[in-house]
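Subject: Handover of a structure and its findings

Dear colleague,

Please find the structure below, together with its sequence. The notes that follow set out what was found in it.

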Amino acid sequence: MSKVHIIDHPLIQHKLSFIRNVETGPKDFRELVEEVATLLAYEVTRDMPLEEVTIQTPLAPARCKVISGKKVGVIPILRAGLGMTSGILKLIPTAKVGHIGVYRDPETLKPVEYYCKLPPDVAERDLILIDPMLATGGSAVAGIGFIKQRGGRNIKLMCLIAAPEGIAAVQAAHPDVDIYVAAVDERLNSHGYIVPGLGDAGDRLFGTK
Ligand code: PRP
Ligand code: URA
């Protein structure tokens, strides 16, 4: 069974409150989502392997640690995952970025897949799949499936807000994928929206409503 990491750092909780606020407009919403993505990425990468190297300081040689050659892939689920991408790239600028296009049919709430472009060496990378919202879990389950079909194995899922239903769906379909999330909310409403949540993440990021 995969683990659920709830990252409740005060800075993340503080910024998430502004993200949730209906009065927050697209400019501030985008900036805050990017900032929280950076803070979450700090925790998601906590187990990155290190190796020792010798560095010459101005005074003497020093044994130091650097991240050992493991390659990272960041994969936003379109559209809303795009809002988190630059936040992670600030910490890991050498990561390659893949894109998965999935949207939820508003009637059936089932994921509709329309795009997938991943780095060709996806099988060799540590992969972080990103989407602000994990609601029914359909989009994330489909996205992880796409990655696995193309050989990706070492996958973590990073979200801002999850519903218990979405967590259960990912754990059932992909028990090898750990979930990192800033908050687990109460429930889904009858339209599949997370309550209290933040509304429609894509619309709030891109001002489409
Ligand atoms: C949102 C969100 C997730 C999905 C979550 O995308 O960004 O991808 O819903 O819901 P689920 O867990 O029930 O699948 P949406 O379908 O609104 O597409 P968009 O980002 O293109 O607007
Ligand atoms: N997608 C969103 O953008 N928000 C939700 O609450 C659920 C799915």
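Which pocket does the space taken by ligand 1 form? The space that ligand 1 takes is the largest pocket. Please bear in mind throughout that this is a predicted model.

**Ligand 1**

The surroundings of ligand 1 comprise 14 residues. The closest of them are Arg-104, Asp-131, Thr-136, Gly-137 and Ser-139. Strand β6 (99–104), strand β9 (133–134) and helix α4 each contribute at least two residues to the shell around this ligand.

The side chain of Asp-131 has an N or O atom 2.4 Å from an oxygen atom of ligand 1. Arg-79 places a polar side-chain atom 2.9 Å from an oxygen atom of the ligand. With Ala-135 the backbone is involved: one of its polar backbone atoms is 2.9 Å from an oxygen atom of ligand 1. On its own, ligand 1 has 500 Å² of accessible area, of which the protein covers 90%.

**Ligand 2**

The space taken by ligand 2 is likewise the largest pocket. Around ligand 2 are Arg-104, Met-133, Ala-135, Gly-192, Tyr-193, Ile-194, Gly-199, Asp-200 and Ala-201.

A polar backbone atom of Ile-194 is 2.8 Å from an oxygen atom of the ligand. For Ala-201, a backbone N or O atom lies 2.8 Å from an oxygen atom of ligand 2. Gly-199 has a backbone N or O atom 2.8 Å from a nitrogen atom of ligand 2. The protein covers 89% of the 240 Å² of accessible area that ligand 2 has on its own.

**Helix α4**

Helix α4, one of the elements that supply the shell of ligand 1, runs over residues 138–149.

Why may α4 be called largely enclosed by the rest of the structure? The reason is that 10 of its 12 residues are buried. The buried residues are Gly-138, Ser-139, Ala-140, Ala-142, Gly-143, Ile-144, Gly-145, Phe-146, Ile-147 and Lys-148. Gly-151 follows the helix and has a positive phi, near 100°.

**Individual residues**

Is Asp-185 buried or exposed? With a relative accessible area of 8%, Asp-185 falls under the 20% limit and is therefore buried. Asp-185 is located in the loop between β11 (178–184) and β12 (187–188). Its side chain makes a polar contact of 2.8 Å with the side chain of Arg-20.

Val-177 sits in the loop between α5 (164–173) and β11. The relative accessible area of Val-177 is 0%, so this residue is buried. Val-177 and Arg-153 are separated by 24 residues in sequence, and their C-alpha atoms are 9.0 Å apart in space.

Arg-30 belongs to helix α2 (residues 26–44). Its relative accessible area is 40%, so Arg-30 counts as partly exposed. From Arg-30 to Ser-2 there are 28 residues in sequence and 29 Å in space, C-alpha to C-alpha.

Yours sincerely

Technical notes
Residues are numbered from 1 along each chain as its sequence is written. Chains are lettered from A and ligands numbered from 1 in the order in which they are written. This is a predicted model: local features need pLDDT of at least 70, side-chain atom pairs count only at pLDDT 80 or more; totals for chains, interfaces and linings use all residues. Side-chain values use heavy atoms; hydrogens and water are left out. Helices (H or I, at least four residues) and strands (E, at least two) are DSSP runs, numbered from the N terminus. The expected span of a helix is 1.5 Å times one less than its number of residues. Buried means under 20% relative accessible area, exposed over 50%, partly exposed in between (1.4 Å probe, protein chains only). A residue is near a molecule or strand if one of its heavy atoms lies within 4 Å of it. A polar contact is a pair of N or O atoms within 3.5 Å; within protein, one must be able to donate a hydrogen and the other to accept it, and residues adjacent in sequence count only if both atoms are side-chain atoms. Accessible areas come from the Shrake-Rupley method with a 1.4 Å probe; for residues, only the protein chains shown count as cover. On a 1 Å grid over the protein atoms alone, a cavity is a set of points where a 1.4 Å probe fits but cannot get out, and a pocket is an open set with protein on both sides within 12 Å along at least five of seven lines; lining residues have an atom within 4 Å of a point. A molecule sits in a cavity or pocket if more than half of its atoms lie within 2 Å of its grid points.
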